[in-house]
Amino acid sequence: LYYYGDQPNSSATNVLNLPEGFILSKDGKSIVVVDFIGPNTTLVKIFCKNLTSEFNLFSNPSNILLPRFRSVEQITNDSFVFGSINSLFIFTNSTFSPVARLPTFNFVVGLEYDENQSILYISDYFNSRVLSYTINTLPNFSLLRLYGKTNLNDSNPSQTPLLTNLRSPYHIRTDCFGNLWIADPDFSRILRYPINSTVPDLVWGQVNFTYGSSQITQNGMSLPTDIAFDQTCSIAFVA
């Protein structure tokens with residue numbers, strides 16, 4: 001058992017003040033932690049499992065005023081994408097810079113990178129949508145698909161659950177087969193989207209796609225926020 005951080009507001013390198021998100025690195029040897037410590041400062045730390053090596057990727061760079069990061073996803077061995085309130089940022093090859101993006105996001109909650117397809121999925125919470133981008137050469141992203149909305153200019157929240165809309169997309173995951181799974185807590189459901197499709201083919205937590213009330217039953221859900229799979233995608237875990 002290892003624990004990370006202690007004694008908030010300390011200057012020690014192994015201290016965490018308000019960690020927002022973390023991932024296991026691709027090599028499985030360390031964890032990457034997004035630690036919000038102040039209005040203008042965000043640290044991203046890499047902790048090795050044995051706690052003998054740890055360093056900051058960046059800390060309040062002079063070229064940009066850092067927002068509060070909430071999510072992180074690793075693209076390659078030396079490149080990471082971070083989601084904040086209304087932006088995406090990328091760290092790659094020891095260079096930190098904003099990622100050019102269109103449209104503007106409104107509270108990036110979740111990120112998911114499908115390495116097999118080179119697709120980055122972004123959960124745009126208050127705009128009630130999920131966007132997918134193809135990654136060509138970093139940091140160049142190309143918009144691929146839009147989930148939950150029919151056009152980029154529509155930022156109004158959905159009032160009733162339908163087959164093709166989203167109310168409050170939270171965390172997003174892809175499974176072993178390339179399907180996209182979106183947690184939609186305000187409609188108390190989780191949706192599965194087949195590969196290359198923006199129309200879901202399966203709903204969990206509700207009897208059909210047009211129900212969205214909290215269901216405290218064996219097959220129902222109430223405000224699900226995340227989903228994960230085992231290595232063979234034969235078992236799913238829902239929070």
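In what order do the four strands of the open sheet that includes β13 stand? In this predicted model, for which local features need pLDDT of at least 70, side-chain atom pairs count only at pLDDT 80 or more, and totals for chains, interfaces and linings use all residues, the order is β13-β14-β15-β16, with antiparallel pairing. Residues are numbered from 1 along each chain as its sequence is written, and side-chain values use heavy atoms, with hydrogens and water left out.

The protein contains zero helices and 18 strands, where helices (H or I, at least four residues) and strands (E, at least two) are DSSP runs numbered from the N terminus. Of its 239 residues, 46% are buried; buried denotes a relative accessible area under 20%, exposed one over 50%, and partly exposed the range in between, with a 1.4 Å probe and protein chains only. The accessible surface, computed by the Shrake-Rupley method with a 1.4 Å probe, comes to about 12,000 Å², and carbon and sulfur atoms hold 51% of it. Among contacts (heavy atoms within 4.5 Å) in the protein with a separation of 6 or more, residues 24 or more positions apart account for 38%.

In the sheet β13-β14-β15-β16, strands count as paired if DSSP finds at least two bridges between them. The edges are taken by β13 and β16, each of which has a single partner strand, so one side of each is left without a neighbour in the sheet. Neighbouring strands are turned by 20 degrees against each other on average, direction ignored, the axes being lines fitted to C-alpha atoms, for helices over the stretch in contact, with angles from 0 to 180 degrees between N-to-C directions. The antiparallel strands β15 and β16 are joined by three bridges, and I190 has W204 in β16 as its bridge partner. The loop between β15 (189–193) and β16 (202–204) holds T198, which is partly exposed at 30% relative accessibility. Not counting residues up to four places away in sequence, T198 touches R145, L146, Y147 and Y193, while its C-alpha atom is separated by 9.3 Å from that of L180, 18 residues apart along the chain.

A further open sheet is formed by four strands in the order β9-β10-β11-β12, again with antiparallel pairing. Here β9 and β12 stand at the edges with a single partner strand each, so one side of each is left without a neighbour in the sheet, and the twist averages 25 degrees from one strand to the next. Six bridges pair β10 and β11 in the antiparallel sense, and I122 stands opposite L131 in β11.

In soluble globular proteins, nonpolar side chains tend to be buried together. Leaving aside neighbours within four places in sequence, the contacts of I122 include L88, F105, V108, L131 and I172.

Rings of Phe, Tyr and Trp (its six-membered ring) pair if their centres lie within 6.5 Å, with planes under 30 degrees apart counted as stacked, over 60 as edge-to-face and the rest as tilted; by this rule there are eight aromatic pairs. One of them is the tilted pair of Y121 and Y147, with 6.3 Å centre to centre and 55 degrees between the planes, which links strand β10 to strand β12 across 26 residues. Both Y121 and Y147 are buried. Y125 and Y170 form an edge-to-face pair at 5.8 Å centre to centre and 85 degrees between the planes, linking the loop between β10 and β11 with the loop between β12 and β13 (172–174), 45 residues apart. Y125 is buried, with a relative accessible area of 18%, whereas Y170 is partly exposed at 26% relative accessibility. Ring pairs also link F107, Y125, F126 and Y170 into a cluster.
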